[in-house]
Amino acid sequence: MAKFEIIMPKMGESIIEATITKWLKNPGDTIAEDDSLAEIATDKVDSEIPSPVEGTMKELLYNEGDVVPVGKVIAIIEMEGDDEEPTDEVEATPETKDAAEPKEDKEQPVEQEKAATEEKPGDFSAASRFYSPLVKSIAKKENVALSELEKIKGSGKDDRVTKDDLLQYIDDRKNQKAPTAAAPAPAAKSQASAAPSAAPKMEAPKVTTSEGDEIVEMDRMRKLIADHMVMSKQVSPHVTSFIEVDVTNIVNWRNSVKDDFQRREGQKITYTPIFIEATARVLRDYPMINASLDGTRIIKRKRINIGMATALPNGNLIVPVIKDADELNMIGMAKRVNDLADRARNNKLNPDEIQGGTFTVTNFGSFESLTGTPIINQPQLAILGLGAIKKRPVVLETAQGDVIAIRQIMILSMAYDHRVVDGALAGMYLRSLRDALEGFDETMSI
């Protein structure tokens with residue numbers, strides 16, 4: 001009988017462990033493909049682990065309530081057939097990877113660097129999503145690299161890549177011209193040799209306590225947020241630009257439609273979907289902002305997936321992602337924003353809903369803050385801050401001359417990675433976004 005190892009899946013970019021809250025299958029139970037095996041929980045989301053194979057549950061390696069690191073084997077399923085090539089069917093855990101690597105490799109960083117630049121078909125250890133053994137086997141046989149596999153849009157459950165998806169991709173690839181060969185490894189070596197040495201590690205100052213001080217230990221989620229924020233400031237040279245926007249048209253329009261919208265749809269329409277809709281639409285014209293940086297490679301994202309920073313009742317923060325935000329109309333955006341915000345606050349988000357963001361929006365205005373300097377949500381290149389909307393006297397230019405009028409004004413702030421985004425590009429984006437918001441159609445029906 002062949003054995004298949006079930007591992008604790010990756011649940012998000014910053015999540016390193018999860019708690020098994022309930023086993024749904026016991027040793028001896030018959031397992032069908034896609035059967036739910038266990039319920040798991042993190043500080044961000046609750047989810048279930050589906051079975052990628054058919055077979056019989058042989059062994060559970062952890063108990064309910066155990067906290068398990070991502071990548072650890074948690075259960076073993078027996079399948080029909082001989083276990084001739086276990087490495088093709090079982091995704092390696094961190095322990096098995098370490099055991100398979102020769103010790104001398106750890107003492108030869110140059111060789112490691114060379115290996116890192118050469119992607120090998122059949123190596124799926126760095127996959128960001130799950131692939132079934134059959135899909136991996138076909139990919140290895142047809143020399144489909146992981147970077148190609150990751151780009152295939154899956155038609156299976158939870159966007160999983162099926163056998164038919166992969167075969168269609170292979171067929172399409174055969175009819176296309178082969179891609180240009182990658183640059184030789186020596187170039188990567190020369191770049192590495194020219195890279196500056198790592199900055200010395202900064203030590204936090206020693207903190208003393210006084211009588212009456214209360215010590216509160218960070219929960220796991222706050223620790224992850226803290227680490228992510230420190231990492232972002234160390235990775236990206238942050239610059240923040242600001243612009244004022246007259247949103248009087250938007251305020252008037254929302255006031256005119258909010259009651260009808262709530263009666264008809266059973267939910268509120270806030271300012272957030274209005275600003276996110278415009279943000280995504282304008283990003284189409286600025287692909288260098290909707291991007292990521294990998295070493296010296298700028299990756300311009302095809303999809304515009306907007307992360308929406310959401311405050312939780314316990315004071316922590318989570319960023320659900322609105323996928324393909326530029327394709328949603330105002331009603332669709334309002335419903336999507338409300339749904340994600342509600343489920344975020346009730347810990348009901350799916351793992352896929354907090355991944356894949358290409359740009360983030362955070363709303364300072366909901367707490368009456370005029371503006372702020374947000375921290376970039378890595379590996380993105382920029383984040384937009386929405387300030388509070390305030391009535392202010394402003395000078396308006398009219399055909400009869402300048403006049404002073406009371407207008408609804410807000411400040412937009414955008415923090416960006418200066419390695420890629422310069423002040424000119426950031427300024428042009430903010431100006432285009434301002435023009436889109438100030439030109440909002442007050443007569444639009446919803």
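A residue is called buried under 20% relative accessible area, exposed over 50% and partly exposed in between, with a 1.4 Å probe and protein chains only. At 16% relative accessibility, T272 therefore counts as buried. The structure is a predicted model, in which local features need pLDDT of at least 70, side-chain atom pairs count only at pLDDT 80 or more, and totals for chains, interfaces and linings use all residues. Residues are numbered from 1 along each chain as its sequence is written, and side-chain values use heavy atoms, with hydrogens and water left out.

Confidence is given as pLDDT, the predictor's confidence in each residue, from 0 to 100. The mean pLDDT of the protein is 83. A value of 70 or more is reached by 81% of its residues. Over residues 84–117, pLDDT stays under 50. The model has 34 contacts beyond four places in sequence for residues 84–117, a contact being heavy atoms within 4.5 Å. Over residues 177–195, pLDDT also stays under 50, and the model has 10 contacts beyond four places in sequence there. Where pLDDT is low, the predicted coordinates should not be read in detail.

Secondary structure follows DSSP runs, with helices (H or I) of at least four residues and strands (E) of at least two, numbered from the N terminus. T272 lies in helix α10, which covers residues 271–283. Helix α10 has 13 residues. From its first C-alpha to its last, α10 reaches 19 Å, close to the 18 Å expected at 1.5 Å a residue. That expected span is 1.5 Å times one less than the number of residues. In α10, 11 of the 13 residues are buried, so the helix is largely enclosed by the rest of the structure. Among the buried residues are P273, F275, E277 and L283. T270 caps the N-terminal end of α10. A side-chain oxygen of T270 lies 3.4 Å from the backbone nitrogen of T272. Leaving aside neighbours within four places in sequence, T272 is in contact with M308, V337 and N363.

Strand β17 (residues 382–386) is mostly covered, with 5 of its 5 residues buried. In a regular strand the side chains alternate between the two faces of the sheet. Both faces of β17 are covered. A382, L384 and L386 are buried on one side, and I383 and G385 on the other. Strands are taken to pair if DSSP finds at least two bridges between them. Strand β16 (residues 359–363) pairs with β17 in the parallel sense over 4 bridges. V361 stands opposite L384 in β17. Strand β19 (residues 401–417) runs antiparallel to β17, and 5 bridges join the two. The bridge partner of G385 in β19 is S413.

Side chains of opposite charge can pair when their charged atoms come close. A salt bridge is counted where a side-chain nitrogen of Lys or Arg lies within 4 Å of a carboxyl oxygen of Asp or Glu. By this rule the count comes to 21 salt bridges. R173 and E148 meet in one of them, at 2.9 Å from N to O. R173 lies in helix α6 (residues 163–174) and E148 in helix α5 (residues 146–149), so the pair ties together parts that are 25 residues apart in sequence. R173 is partly exposed, with a relative accessible area of 26%. R297 forms a salt bridge with D294, and the closest N and O atoms are 2.5 Å apart. D294 is partly exposed at 39%. The side chains of D417 and R419 meet in a salt bridge of 2.6 Å, N to O. D417 is buried, with a relative accessible area of 0%, whereas R419 is partly exposed at 43%. Salt bridges that share partners also join R336, D339, R343 and E353 into one network.

Backbone geometry was examined last. Most residues other than glycine have a negative phi, and most peptide bonds are trans. The peptide bond from Q378 to P379 is cis, with omega near 5°. P379 lies in the loop between β16 and β17. N143 is not a glycine, yet its phi is positive, near 60°. The loop between α4 (133–141) and α5 holds N143. N347, also not a glycine, has a positive phi of about 55°. N347 is placed in the loop between α11 (330–345) and β16. At 25% relative accessibility, N347 counts as partly exposed.

Definitions and conventions:
A polar contact is a pair of N or O atoms within 3.5 Å; within protein, one must be able to donate a hydrogen and the other to accept it, and residues adjacent in sequence count only if both atoms are side-chain atoms.
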